[in-house]
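Reader: Can we walk through this one together? I'll ask, you answer.

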Amino acid sequence: MTLVKFKRPRLPWYDNMFSDLLGSDRLLTNDFFMEDRWIPAMNIKETEDSYDIEIAAPGFNKKDFEVCIENGMLKIEAENSEEKKKEKKDYTRREFNYNSFYRSFTLPENVNEDEKIDATYKRGILKLVLNKVPVVETTPKQMIEVH
């Protein structure tokens with residue numbers, strides 16, 4: 001059972017041309033271009049003093065990551081590319097590889113945004129530790145009688 005019903009575009013040539021050409025009716029759907037987007041697996045663990053985040057991102061280097069906090073959002077971005085070229089007498093072989101991802105999260109109120117985030121990258125796992133601040137207890141709601 002699908003939660004969102006697929007709506008076919010109302011184009012006169014759609015059914016015949018694109019279905020026959022590509023063997024698929026997904027070309028003009030909203031997620032056609034986003035389907036192959038890679039989003040790394042992630043674990044978030046809350047302890048008494050911190051939020052520990054682990055992101056599985058193999059194939060990157062430490063310099064490929066950009067992690068920042070901006071306007072109450074944690075933003076994690078990584079991008080790398082590699083090009084290999086091998087030339088021999090009779091042929092040239094060229095390979096190109098590009099990987100990237102972007103994740104953002106709204107931070108809870110008890111995260112200390114002013115303190116430095118501890119970030120490490122080892123064996124394909126990016127680990128972030130966001131320290132907590134004590135939550136300030138608010139006074140209970142006071143009812144005021146109108147006279």
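Reader: Why does Tyr51 count as buried?

Author: Because its relative accessibility is 13%. Buried means under 20% relative accessible area, exposed over 50%, partly exposed in between, using a 1.4 Å probe and protein chains only. One caution: this is a predicted model, where local features need pLDDT of at least 70, side-chain atom pairs count only at pLDDT 80 or more, and totals for chains, interfaces and linings use all residues. Residues are numbered from 1 along each chain as its sequence is written, and side-chain values use heavy atoms, with hydrogens and water left out.

Reader: Where is Tyr51 placed?

Author: In strand β2. Strands are DSSP runs of E, at least two residues, and are numbered from the N terminus.

Reader: What charged end sits over the Tyr51 ring?

Author: That of Lys132, 4.9 Å from the ring centre. The rule is NZ of Lys or CZ of Arg within 6 Å of the ring centre and within 35 degrees of the ring normal.

Reader: Which residues is Tyr51 in contact with, leaving aside neighbours within four places in sequence?

Author: Lys45, Glu46, Pro108, Asn110, Val111, Leu128, Val129, Leu130 and Lys132. Contact means heavy atoms within 4.5 Å. Val129 is 78 residues from Tyr51 along the chain, yet their C-alpha atoms are separated by 5.8 Å. With Glu46, Tyr51 makes a side-chain polar contact of 3.4 Å. A polar contact is a pair of N or O atoms within 3.5 Å; within protein, one must be able to donate a hydrogen and the other to accept it, and residues adjacent in sequence count only if both atoms are side-chain atoms.

Reader: New topic. In what order do the strands of the open sheet come?

Author: β3-β4-β5, with antiparallel pairing. The edges are β3 (65–70) and β5 (92–106), each pairing on one side only. Neighbouring strands are turned by 10° against each other on average, direction ignored. That angle is between axes, which are lines fitted to C-alpha atoms, with angles running from 0 to 180 degrees between N-to-C directions.

Reader: How many bridges join β4 to β5?

Author: 15, with β4 covering residues 73–87. Two strands pair if DSSP finds at least two bridges between them. Ile76 has Arg103 as its bridge partner in β5, and Leu74 stands opposite Phe105. A hairpin through 4 residues joins β4 to β5.

Reader: Now Asp64. Buried or exposed?

Author: Buried, because its relative accessibility is 12%. Asp64 lies in the loop between β2 (50–56) and β3.

Reader: What does its side chain reach?

Author: The backbone nitrogen of Asn61, at 2.7 Å. Beyond its neighbours within four places in sequence, Asp64 is in contact with Glu77, Ala78, Glu79 and Asn80.

Reader: And aromatics. How many pairs in the whole structure?

Author: The search finds 4. Rings of Phe, Tyr and Trp (its six-membered ring) pair if their centres lie within 6.5 Å; planes under 30 degrees apart count as stacked, over 60 as edge-to-face and the rest as tilted. Phe60 and Phe65 form a tilted pair, 5.6 Å centre to centre with 50° between the planes. Phe65 and Phe101 form an edge-to-face pair, at 6.4 Å and 65°. This second pair links distant parts of the chain, with Phe65 in β3 and Phe101 in β5, 36 residues apart.

Reader: Are Phe65 and Phe101 buried or exposed?

Author: Both are buried. Phe60 is buried too.

Reader: Which residues do the ring pairs link into a cluster?

Author: Phe60, Phe65, Phe101 and Tyr121.
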